[in-house]
Amino acid sequence: MKKNDTIQSMLIHLAQDAVLPSEIDLWPTLRAQLVAGTNVHERGKWRSIQSQRVQHIAYISLISVVLLIFAFATPQGRAFAQNLLKFFTRAENNTLPAQEDYKVPAEGPRILNVTEVQSLVGFDVLEPAVLPEGLTFQGASHTAETNTVTQQFGSSPEDIRLSIQQQPFTTIAACDLCGLVGASASVQIVQIGQGEAEYVEGVWELTANGPAWRDDPYLKTLRWQKDGMAFELIYMGSELKVDDLIVIAESLE
Amino acid sequence: MTIKTPSWEERQAISRLKQGDLGGLETLVSRYQVQAVYTAYLIVQDVKLAEDIVQSAFLRAAQKIYQFDERRSFRAWFLRSVVNAAIKADKKQKRLVPLEHHNKDENIDPVMEWLLDPNPSPDQYIETEETRQMVWKAMENLSADQRAAIIMRHFLEMKETEMSQELDRPLTTVRWWLRTARNRLREILQPFWQMDHPNEDER
C-alpha cells in the first residue's frame, strides 16, 4: 500500500469511528427545510468574521519613515555604528540628529511583474513560493541608484502588508539594506535555512527633534544575506510572527 | 470513498435540479453526503457541526445550481463549498486552545512528519488503531486551514494546483498551509524532537 493510500485509509477510518456511512442521512432534514423555506445558512449561523485592521493606515506612514531612515543611514548616521550585528547597525542611542536634507533614492515606476523588473537588473530576483492567505503579489519596482528591487504583497495595491527587498551586497557602506536600529532595539538572531538572519520589531519615528526609535511589534523586519545578496523582509501587522516570516524567507526561489 | 467521474445519473440529477425538480437534489445528496460529511468532520472534528455544514452546502448548491457549469465537476464545485464552510465554521468556533494546553505525545512527531511530507514514499507506518489516534491527536493541533489542506490533499486526493483552483486561493497560499502545518507541529512537538531530520525540504 502506498503512503497516500494509507493516510486516506486512516482518515476514512477516523471518520467512520465517529459516524458510520449508514448513519448519515441528510435528505429528510433537507427536504423539511426546503419545504419550510428556511435553512441554517439563512439564519446567519455562519456569518463570516471580518478582521479588524485598525492600525493599518497609521502604520503605512511609518513605512515611509523607515525608507527615509534607510537613506538617512548614510555615512553620518553610520558614524554612530557599532559592529555588533551582521545585518543591522545599532545606533549609539535611540534618537538621531535632525537633518534638513533627507534624500530618498528615486524609486522607479512600479512594474507589474517580476519578469519586467528582472530585465532591469543584473541578478536573479527571488520570489516567495509560499505566502499566507490574503497576501498576493501587488507589484515590483527597481531603485536604480542602489540597484535594489522591491516586491510588494498585500490584499490589494492599497493594502500592502509585506515587502521584500533584494540588493547585491558588496560592502557595508554600499548596503542600502543594512541601516540603523535604535540602541535599545532587541535584535533577535534567527536561522534562515543554514544561514543566520536578524529580526527586529520597531521603527524610527520622525519627531520634531529628529528620528526616534520606537519598539513596535506591528512593524517587523528580517534581514539576511545569501549568495552575495542582501535581503530585507518587512511585515506590517500582528497576524504573522517571526517564524512565519522565516517560512516566507526560506521559500524564496 | 472517492467519487470522481460524473455519472449519467448525476448529469440527469443536475439537469432536473436546474429545472426546479428537487428530486435531482435528493440524488446528489445520496451520492455525496457521506464524502461531504467526512470532509467537514475531519476539518471541524464535530459530527453534528459537520452535518449542519453539509446540509447548508447542499441548500446553497440547490440555490446556485443555475450558476453551475456542467462541463465542470460537480464534486469539486460542491466539496469546495463544504471545505470553505468548514474552515469558516471552525474559525468561528475558535476551537484552537493555547499551545501549552495541547496534548503532547512523543510518538506523534515521526507520524506527522510522514503525514505532512508531500513526497511520495514507501509506507513507513502500518495503519493501526494506535497510529490512527496519533494522527488524530496531531491534527487537533493544526488550524482549520492546515487541516483542510491535509484533507484535500490526502482524503480528497487533490493536487496542490487543484486545491489552488478549487479553493480559489493562490498556489502560494496552499503551499503556505501545508508548510506551516508542518512547522506548527514541529513547534508543538519540539520537546520531543530529538531525531535528526536531514531531509526537511518539501520539494
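At what angle do helix α4 (residues 74-93) of chain B and helix α7 (residues 144-155) of chain B pack? In this predicted model, the two helices pack at an angle of about 155°, and their axes lie 9 Å apart. Angles over 145 degrees count as roughly antiparallel, and α4(B) and α7(B) are therefore roughly antiparallel to each other. The crossing in which α4(B) passes α7(B) is right-handed. On the α4(B) side, the residues involved are B:Val83, B:Ile87, B:Asp90 and B:Lys91; these meet B:Ala144, B:Asp145, B:Arg147, B:Ala148 and B:Met152 of α7(B). By class, the residues of this contact comprise 5 nonpolar, no polar and 4 charged.

A further helix pair in chain B was examined in the same terms. Helix α1 (residues 8-18) of chain B and helix α2 (residues 22-44) of chain B cross at roughly 140°, and their axes come within 7 Å. That angle makes α1(B) oblique to α2(B). The crossing of these two helices is left-handed. From α1(B), the contact draws on B:Glu9, B:Glu10, B:Ala13, B:Ile14, B:Arg16 and B:Leu17. The α2(B) side consists of B:Leu22, B:Gly23, B:Gly24, B:Leu25, B:Thr27, B:Leu28, B:Arg31 and B:Tyr32. The contact of α1(B) with α2(B) has 7 nonpolar, 3 polar and 4 charged residues.

Along the sequence, chain B accordingly reads α-α-α-α-α-α-α-α-α. Chain B has 203 residues, of which 56% count as buried. Of the contacts in chain B between residues at least 6 apart in sequence, 71% join residues at least 24 apart.

Chain A contains a sheet. Its 7 strands form an open sheet in the order β2-β3-β4-β9-β8-β7-β6, with antiparallel pairing. Strands β2 (136-143) and β6 (188-192) of chain A are the edge strands, each pairing on one side only. From one strand to the next, the twist averages 30°. Within this sheet, strand β4 (residues 160-168) of chain A and strand β9 (residues 229-236) of chain A run antiparallel and are joined by 7 bridges. A:Gln165 stands opposite A:Glu232 in β9(A). Helix α6 (residues 242-250) of chain A packs on the sheet, where α6 touches β4, β6, β7 (195-207), β8 (210-226) and β9 of chain A. The direction of α6 makes about 40° with that of β6(A).

How values were computed
Residues are numbered from 1 along each chain as its sequence is written. Chains are lettered from A and ligands numbered from 1 in the order in which they are written. This is a predicted model: local features need pLDDT of at least 70, side-chain atom pairs count only at pLDDT 80 or more; totals for chains, interfaces and linings use all residues. Side-chain values use heavy atoms; hydrogens and water are left out. Axes are lines fitted to C-alpha atoms, for helices over the stretch in contact, and angles run from 0 to 180 degrees between N-to-C directions. Helices (H or I, at least four residues) and strands (E, at least two) are DSSP runs, numbered from the N terminus. Angles under 35 degrees count as roughly parallel, over 145 as roughly antiparallel, 65 to 115 as roughly perpendicular and the rest as oblique. A crossing is left-handed if the near helix is turned anticlockwise from the far one by less than a right angle, and right-handed if clockwise. Contact means heavy atoms within 4.5 Å. Ala, Val, Leu, Ile, Met, Phe, Trp, Tyr, Cys and Pro count as nonpolar, Asp, Glu, Lys and Arg as charged, and the others, Gly among them, as polar. Two strands pair if DSSP finds at least two bridges between them. Buried means under 20% relative accessible area, exposed over 50%, partly exposed in between (1.4 Å probe, protein chains only).
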